[in-house]
Amino acid sequence: RASLDERSYTFQASTQYNRDLVDWCDGLSLVSGIDYRYWTTHNETLTSAVSLDPNDDDFHLGSGFIQFEYDLFDDLLTLIAGTKLSVNSWSGFEYQPSGRFVLRPVDGHVIWGAVSRAVRTPTSIDNDLNAFIGPVNLVGDRDFASEELFAVELGYRFFDLDWLTLESTAFFNDYEDVSNLVGPPPVGPFVFQNPGSAHVVGAEFELTVLPTEWWRFSASYSFLEFLHEHASRSAIGQGGTSNRTQPEHQVVLRSVFDVLENLEFDTSVYWVDGLGAVTPVLRSNNIRQYWRVDLRLGWQPLDWMELALVGQNLNDARHAEYNDVQGNQSTQVPRSGYLMVTLELDELY
């Protein structure tokens, strides 16, 4: 049941400015904007187990951004650079710069890369929560800082053939001041703080093939590895360095088959790697790798109506995918199905 009754009001105003700076430099364009948001809320506690202190709060956010885009060598190379600057009531001044290049060496080939910094600013939960989950006490902290991300990406796309496209991306993410609950075990109080850091590398590949006009097939693979994940030893769910808390390998196969002009049959097959460091409550084994098969039959009897019969996880009665974040027994994903009706009313006029 609900623990809080929240009533919020938000005011927001924004403006954006676009301009081609051809008088100053041919091929250069500018995009900029400013934004202001005011948010006020009142929370009424419905149970003694969960509350926010204070239960009335105001939040101000002022931000601005500027981005330059420069096309060189007859659009062979595009350089993009900009930043977003903001000031808010909870974490103060924030900056989020980014730089990107797009290289088109020949038709049908694109190489791109990016370097950026991003933040996740605090929420009212991080700042003001006071909750009891059984005997465990969770407490917010007004000194909670923004989580920081430094990201590097490199990608390639091939689309020179009408029947085939190929995309690949590699990335490195460095996370600092990662949120966690820190306090004396076993019941706390556990306070929201920023003790964590992590270094993550990954890659994604996707191949799409169109053998005929009535069949499209795609295959994708993703790789994700935590090189280092660290938090205070007094943090919930952490004990220094850990790994395999996220799937390291994932494969997705999709087929879209047009049986008739208004009838299509779609198949999706997923394979997800196991989580060696995650053991659900009341279980002795970690979460194992699993297959999942989804089927969809879609029929469009009218231009503005579509009927779809969908079955999910058809190959397995149920399976676990992750641990419950509150430390309770995890809910397993069951075999399921549903009928969906989609109406596009604008097609009637």
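What follows is a conversation that sets values against definitions.

Visitor: What is the mean pLDDT of the chain?
Guide: The mean is 89, and 90% of the residues reach 70 or more; pLDDT is the predictor's confidence in each residue, from 0 to 100. Over residues 238-242, however, the pLDDT is below 50, and this stretch has 14 contacts in the model beyond near neighbours in sequence. Contact means heavy atoms within 4.5 Å. Where pLDDT is low, the predicted coordinates should not be read in detail.

Visitor: How many helices and strands does the chain have?
Guide: The chain has 1 helix and 20 strands. Helices (H or I, at least four residues) and strands (E, at least two) are DSSP runs, numbered from the N terminus.

Visitor: Why is Val272 called buried?
Guide: Buried means under 20% relative accessible area, exposed means over 50%, and partly exposed lies in between (1.4 Å probe, protein chains only). Val272 has 9% relative accessibility, so it counts as buried. Its place is in strand E15, residues 263-272. Leaving aside neighbours within four places in sequence, Val272 is in contact with Pro247, His249, Gln250, Gln289 and Tyr290. The C-alpha atoms of Val272 and Glu248 are separated by 8.3 Å, and these two residues are 24 apart along the chain.

Visitor: What makes up the largest nonpolar core?
Guide: A nonpolar core is a set of buried Ala, Val, Leu, Ile, Met, Phe, Trp, Tyr and Cys residues joined through side-chain atoms within 4.5 Å. Here 9 residues make up the largest one: Val50, Leu52, Leu129, Ala131, Leu138, Phe144, Leu181, Phe190 and Phe192. At least two residues of this core come from each of strand E3 (50-52), strand E8 (129-133) and strand E12 (190-212). Beyond four places in sequence, Ala131 is in contact with Ala49, Val50, Val136, Asn137 and Leu138.

Visitor: How many aromatic pairs are there by the rule?
Guide: The count comes to 8. Rings of Phe, Tyr and Trp (its six-membered ring) pair if their centres lie within 6.5 Å; planes under 30 degrees apart count as stacked, over 60 as edge-to-face and the rest as tilted.

Visitor: Why is the pair of Phe11 and Tyr36 called tilted?
Guide: The planes of Phe11 and Tyr36 are 55° apart, with 6.5 Å centre to centre, so the pair is tilted. The pair links distant parts of the chain, with Phe11 in strand E1 (residues 4-20) and Tyr36 in strand E2 (residues 28-45), 25 residues apart. Phe11, at 48% relative accessibility, counts as partly exposed, and so does Tyr36, at 32%.

Visitor: What makes Phe205 and Tyr221 stacked, then?
Guide: Their planes are 15° apart and the centres 6.4 Å, so this pair is stacked. Phe205 is in strand E12 and Tyr221 in strand E13 (residues 215-230), 16 residues apart. Phe205 is partly exposed, with 41% relative accessible area, and Tyr221 counts as partly exposed at 30%.

Visitor: How do you know that the charged end of Arg117 sits over the ring of Tyr95?
Guide: A charge sits over a ring if NZ of Lys or CZ of Arg is within 6 Å of the ring centre and within 35 degrees of the ring normal. The charged end of Arg117 is 4.0 Å from the centre of the Tyr95 ring and sits over it. Likewise, the charged end of Arg292 sits over the ring of Tyr270, 5.2 Å from its centre.

Technical notes
Residues are numbered from 1 along each chain as its sequence is written. This is a predicted model: local features need pLDDT of at least 70, side-chain atom pairs count only at pLDDT 80 or more; totals for chains, interfaces and linings use all residues. Side-chain values use heavy atoms; hydrogens and water are left out.
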